Amino acid sequence: MEGKFVFPELETERLYIRVLKESDSAAVFRHFADEEVTRYMDIPPCKDMAEASEIIRFHTEDSGCRWGLFDKASGQLAGTCGFHCWVTGTQARAEIGYDLSTAWWGRGLMTEAITQVIRVGFEQMELELIEATADPANERSARLLERLGFHRKEELVDSLVYYFLPKPPAGA
C-alpha cells in the first residue's frame with residue numbers, strides 16, 4: 001500500500017483539509033515563522049521561503065503526509081497535521097503530528113481536524129496503532145490527545161511524553 005496510497009482531501013464543519021503542496025509555501029512560511037507554533041516542535045522557526053518549501057518537500061517524500069488545515073470562511077492556513085513514520089503490514093502504525101497558528105487556538109479546530117485524520121488512519125491506511133509525542137510542558141497538546149482517547153505511557157522517552165491510540169475493535 002505504501003507509495004500507492006492517495007491521501008484524501010477531507011472536510012469538517014469549519015475546515016478544508018488537503019495535502020500541502022509547493023504553492024502553499026508562503027502560507028507555510030507565515031505559519032512556521034511564529035515561535036509560538038514551533039515552541040514544542042523539533043524544528044526552529046522558519047527563516048525564509050526556502051525552509052517552508054523544504055518542510056513541504058520533506059513531508060511529500062516521507063512515508064506519510066502533511067495536510068494543511070484551511071479555514072473555510074477565510075481560506076487561510078490555520079495549521080497542519082498528518083502522519084509520518086508510517087509502517088505497513090500486520091502491525092501497521094504511524095505517528096501523528098499537528099500544529100496550529102496562535103490566532104486559531106482555543107476554538108476546537110484541531111479536535112475537529114484530528115478526528116477526521118484518525119478515521120483515515122484506521123479506516124483507509126489500515127493502521128492498528130497511532131502514536132504521538134508531546135513535550136511535557138505542552139499542556140494543550142496533552143489535553144487534546146487525552147480528549148481524543150490516546151493513552152499516555154508513564155515513562156518519558158527522549159524527554160517526550162509518548163501517547164498511543166489502538167484501533168478500536170470492529171463495530172465499536
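This is a predicted model: local features need pLDDT of at least 70, side-chain atom pairs count only at pLDDT 80 or more; totals for chains, interfaces and linings use all residues.
Local features need pLDDT of at least 70, side-chain atom pairs count only at pLDDT 80 or more, and totals for chains, interfaces and linings use all residues. Residues are numbered from 1 along each chain as its sequence is written, and side-chain values use heavy atoms, with hydrogens and water left out.

1. **R14 and E112.** These side chains form a salt bridge at 2.7 Å, N to O. R14 sits in the loop between β1 (10-11) and β2 (15-19), and E112 in helix α4 (residues 109-123), so the pair ties together parts that are 98 residues apart in sequence. Helices (H or I, at least four residues) and strands (E, at least two) are DSSP runs, numbered from the N terminus. R14 is partly exposed, at 29% relative accessible area. E112 is buried, at 17%. The classes are buried under 20% relative accessible area, exposed over 50%, and partly exposed in between (1.4 Å probe, protein chains only).

2. **D99 and R66.** A salt bridge joins these side chains too, at 2.7 Å, N to O. D99 belongs to strand β5 and R66 to strand β3 (residues 65-71), so the pair ties together parts that are 33 residues apart in sequence. Are the two partners buried or exposed? D99 is buried, with a relative accessible area of 5%. R66 is buried as well, with 8%.

3. **Other contacts of R66.** The side chain of R66 also makes a polar contact of 2.9 Å with the side chain of T80. A polar contact is a pair of N or O atoms within 3.5 Å; within protein, one must be able to donate a hydrogen and the other to accept it, and residues adjacent in sequence count only if both atoms are side-chain atoms. Contact means heavy atoms within 4.5 Å.4. **E95, a charged residue without a partner.** E95 lies in strand β5 (residues 93-100). E95 is buried yet has no salt bridge. Which side chain of opposite charge is nearest to E95? It is R66, 8.4 Å away. The side chain of E95 does make a polar contact with the side chain of T133, at 3.3 Å. Leaving aside neighbours within four places in sequence, E95 is in contact with G82, F83, H84, C85, E131, A132 and T133.

4. **E123 and R119.** The side chains meet in a salt bridge of 3.8 Å, N to O. E123 and R119 are four residues apart in helix α4, so about one helical turn separates them. E123 is exposed, at 55% relative accessible area. R119 is partly exposed, at 30%.

5. **A network.** Salt bridges also link E22, E54 and R57 in a network.

6. **The largest pocket.** Its volume is about 1,300 Å³. Of the 45 residues that line this pocket, M41, R66, G97, Y98 and D99 are the closest to its centre. At least two lining residues come from each of α2 (35-38), α3 (49-61), β4 (77-87), β5, α4, β6 (129-134) and α5 (139-147). On a 1 Å grid over the protein atoms alone, a pocket is an open set of points where a 1.4 Å probe fits, with protein on both sides within 12 Å along at least five of seven lines; lining residues have an atom within 4 Å of a point. Grid points are joined across faces, edges and corners, and the volume is the space filled by probe spheres set on the points.

7. **G79.** This glycine lies in strand β4. G79 is buried, with a relative accessible area of 0%. Residues up to four places away in sequence aside, G79 touches H31, W67, G68, L69, D99, L100 and S101.

8. **Positive phi at D158 and S159.** D158 is not a glycine, yet has a positive phi of about 55 degrees. S159 is not a glycine either, and has a positive phi of about 65 degrees. D158 is found in the loop between β7 (151-152) and β8 (161-166), and S159 lies in the loop between β7 and β8. D158 counts as exposed at 68% relative accessibility. S159 is exposed, at 54%.

Technical notes:
Lys and Arg count as positive and Asp and Glu as negative; His and the chain ends are not counted. A salt bridge is a side-chain nitrogen of Lys or Arg within 4 Å of a carboxyl oxygen of Asp or Glu.
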